[in-house]
Amino acid sequence: MRPPPMLSVLVRAVMVALYPFTGLIRCGKWGAPYRRKHAAAGTKYEKIVWICTTFNSLGKVECDSQQIPEDILDGLAAGLGGTDGIAEILVPEAKRLVFHMKNGQTILREWQNLSRRQSWTPEMREATRQKSLERSARKRNATERYDHSGDHYAAETEHI
């Protein structure tokens, strides 16, 4: 059963207020709308992205468009005066957006993902450093045991 028309309008107004890109982004390949998605939810890599609904439901075989991190969209839209002046955002190819403005202007913008180096937090760096130190210590211990004991088999079977 479909909700009454007024309820649909109300739900859409709430969604646009919460997520200003709702209904603005379209895939350049199929014309499908983009939707908001939590990528890698519950992990340290969690981020919010906008993704083509065809790609999200049918996969890369059907649509090879890329997801767009929400922070990238926020920055690009802010540079154009916010989402209020945007009529539509078309995604013609990877890392390229065409903004169709309400005043009739068309603006092309290209974007880049943050490098992995920039996305690491100090906590992530320290955890990786500790793991590397532990690996080095295990490797050093295995080599020392091999050199001192002469037991070739023990050194080869130790998991490094």
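Two strands are taken to pair if DSSP finds at least two bridges between them. Strands themselves are DSSP runs (E, at least two residues), and helices are DSSP runs as well (H or I, at least four residues), numbered from the N terminus. The model described here is predicted, with local features requiring pLDDT of at least 70 and side-chain atom pairs counting only at pLDDT 80 or more, whereas totals for chains, interfaces and linings use all residues. Residues are numbered from 1 along each chain as its sequence is written, and side-chain values use heavy atoms, with hydrogens and water left out.

Strand S3 (residues 47–52) has partners in S2 and in S4.

An open sheet of 4 strands is arranged in the order S1-S5-S6-S7, and its pairing is mixed. Its edges are formed by strand S1 (25–27) and strand S7 (106–110), each of which pairs on one side only. On average, neighbouring strands of this sheet are turned by 25° against each other, direction ignored, where axes are lines fitted to C-alpha atoms (for helices over the stretch in contact) and angles run from 0 to 180 degrees between N-to-C directions.

Within this sheet, S1 and S5 pair in the parallel sense over 3 bridges, and the bridge partner of Arg-26 in S5 is Leu-90. Strand S5 (residues 86–93) and strand S6 (residues 96–101), by contrast, run antiparallel and are joined by 5 bridges. Ile-86 stands opposite Met-101 of S6, and Ile-89 has Phe-99 as its bridge partner in S6. In the hairpin of S5 and S6, 2 residues lie between the strands, and Lys-95 takes a positive phi near 60°.

On the surface, Lys-44, Lys-131, Arg-135 and Arg-138 gather in a patch of positive charge. Lys-131 is located in helix H5 (residues 122–149). Patches consist of residues with over 30% relative accessible area and no salt bridge, like charges being joined within 9 Å and nonpolar side chains (Val, Leu, Ile, Met, Phe, Trp, Tyr) within 5 Å. Accessible areas come from the Shrake-Rupley method with a 1.4 Å probe, and for residues only the protein chains shown count as cover. A salt bridge is a side-chain nitrogen of Lys or Arg within 4 Å of a carboxyl oxygen of Asp or Glu.

Key: Lys, Arg positive; Asp, Glu negative; His and termini not counted. Charge placed at Lys NZ, Arg CZ, Asp CG, Glu CD.
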